[in-house]
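Please look over the structure below.

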Amino acid sequence: MGEPVTSVRITRASKKRAASDQSLQPPVAKKRVALGDLTNLKNVVANPKSDLGGGPEKPKSRLKKNEKKTVEVEANSDDPQLYAPYASDIYEYLHSMEIENKRRPIPDYIEKMQKDVTTNMRGILVDWLVEVAEEYKLVSDTLYLTVSYIDRFLSLNVVNKQKLQLLGVSCMLIASKYEEISPPSIEDFCYMTDNTYSKAEVVKKESEILNSLKFEMGNPTVKTFLRRFTMAAQENSKSPNLELEFLGCYLAELSLLDYACIRFLPSMVAASVIFLSKFTIQPKIHPWNSTLQRCSGYRPSDLKDCVLAIHELQLSRKLGSLVAVRDKYKQHKFKCVATLISPSEIPLAYFEDVEV
């Protein structure tokens, strides 16, 4: 199927989940949800059309070719994607992949392609899928790939609103097979929709998705880049900063809810998440530095629009009624990072470029 070797891997998170599955703890009761007519729900999402450009948001000014693009912050990692001798080539390749049209959704596909699906419905679907992923203890890569498949499929195919949940579970089934050691069964996904859809319907939709996307299932996501940028942000730390890591994961998952964030490249969202996480924890210190600039390839001025968009989500000025991500990261195992209060305004001086 032409998948990149670097994308086919078993994540450490998957190993840990597989190990935990062997415990004798009683199974958690599964939640069954039939989304039904999404327009009946009270979540209201502003139409982001006015904020969208004609195509995916690309870096306004990437670093020059002769500038150093990597930093030796990965040397002690046992993940080959974060190991310094390989990281530069791997992430250059991932950057080239993320801008390929075949791996990118159309940034305004709801206005151009869909007749029945709205931004509100998409947000509700993604919010529910966050709960499903949490219920089945799926690795985060599965969730990000699921949303990517949904947006890419909706960019190419008109979908009836009654079949939107079917699209969501079918995309998550494919993503689970791609990322998980022991993916949930088709019957599990049918059960999660309160058996609104049959096994045959899920299998048929799975086939439609795979053929529509031409079996190109291994595209890089926000999570792909967030791992490396998080490590670069902690280059001077003697021990891992779990608060920073969890806050970055929280903000990144919030961005999945927002249809307007589709216009930004995954690497830009990941860099913006680190910028905003550092600002939230230490608002009086400039959140960007030369190490992050070299590692990500983005200057603060490149990130301004994306950072401000995610900041709106963090402050619940937008999509505040979608609570699955917020509730997830209010848990103690994630250090309650969803309860952290960010200043309402980000100083414009922080978006001035850093000298490398």
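## A lysine and its contacts

Beyond its neighbours within four places in sequence, K205 touches F153, L166, L167 and S170. This lysine sits in helix α8. Is K205 buried or exposed? K205 has a relative accessible area of 11%. The cut-off for buried is under 20%, so K205 counts as buried.

The model is predicted. The contacts of K205 are therefore those of predicted coordinates.

## Helices α6 and α8

General point: two packed helices are described by the angle between their axes and the distance between the axes. Here the pair is α6, residues 164-179, and α8, residues 199-212. Their axes come within 9 Å. They cross at roughly 70 degrees. Angles of 65 to 115 degrees count as roughly perpendicular, so α6 and α8 are roughly perpendicular to each other.

Which residues make the contact? On the α6 side they are L166, L167, S170, C171, L173, I174 and K177. On the α8 side they are E201, V202, K205, E206, I209 and L210. By class, eight of these residues are nonpolar, one is polar and four are charged. K205 is one of the α8 residues in this contact.

## Two lysines with positive phi

K214 is not a glycine, yet its phi is positive, at about 55 degrees. K214 lies in the loop between α8 and α9, the latter spanning 222-233. Its relative accessible area is 65%. The cut-off for exposed is over 50%, so K214 is exposed.

K335 also has a positive phi, near 55 degrees, in a residue other than glycine. K335 is in the segment after α14, which covers 324-328. How accessible is K335? Its relative accessibility is 43%, so K335 counts as partly exposed.

## Confidence

The protein chain averages a pLDDT of 83. At least 70 is the score of 76% of the residues. Over residues 1-13 the pLDDT is below 50. That stretch has 30 contacts in the model beyond near neighbours in sequence.

Residues 40-61 also stay under 50 in pLDDT. For them the model has 45 contacts beyond four places in sequence. Where pLDDT is low, the predicted coordinates should not be read in detail.

Technical notes:
Residues are numbered from 1 along each chain as its sequence is written. This is a predicted model: local features need pLDDT of at least 70, side-chain atom pairs count only at pLDDT 80 or more; totals for chains, interfaces and linings use all residues. Side-chain values use heavy atoms; hydrogens and water are left out. pLDDT is the predictor's confidence in each residue, from 0 to 100. Contact means heavy atoms within 4.5 Å. Axes are lines fitted to C-alpha atoms, for helices over the stretch in contact, and angles run from 0 to 180 degrees between N-to-C directions. Helices (H or I, at least four residues) and strands (E, at least two) are DSSP runs, numbered from the N terminus. Angles under 35 degrees count as roughly parallel, over 145 as roughly antiparallel, 65 to 115 as roughly perpendicular and the rest as oblique. Ala, Val, Leu, Ile, Met, Phe, Trp, Tyr, Cys and Pro count as nonpolar, Asp, Glu, Lys and Arg as charged, and the others, Gly among them, as polar. Buried means under 20% relative accessible area, exposed over 50%, partly exposed in between (1.4 Å probe, protein chains only).
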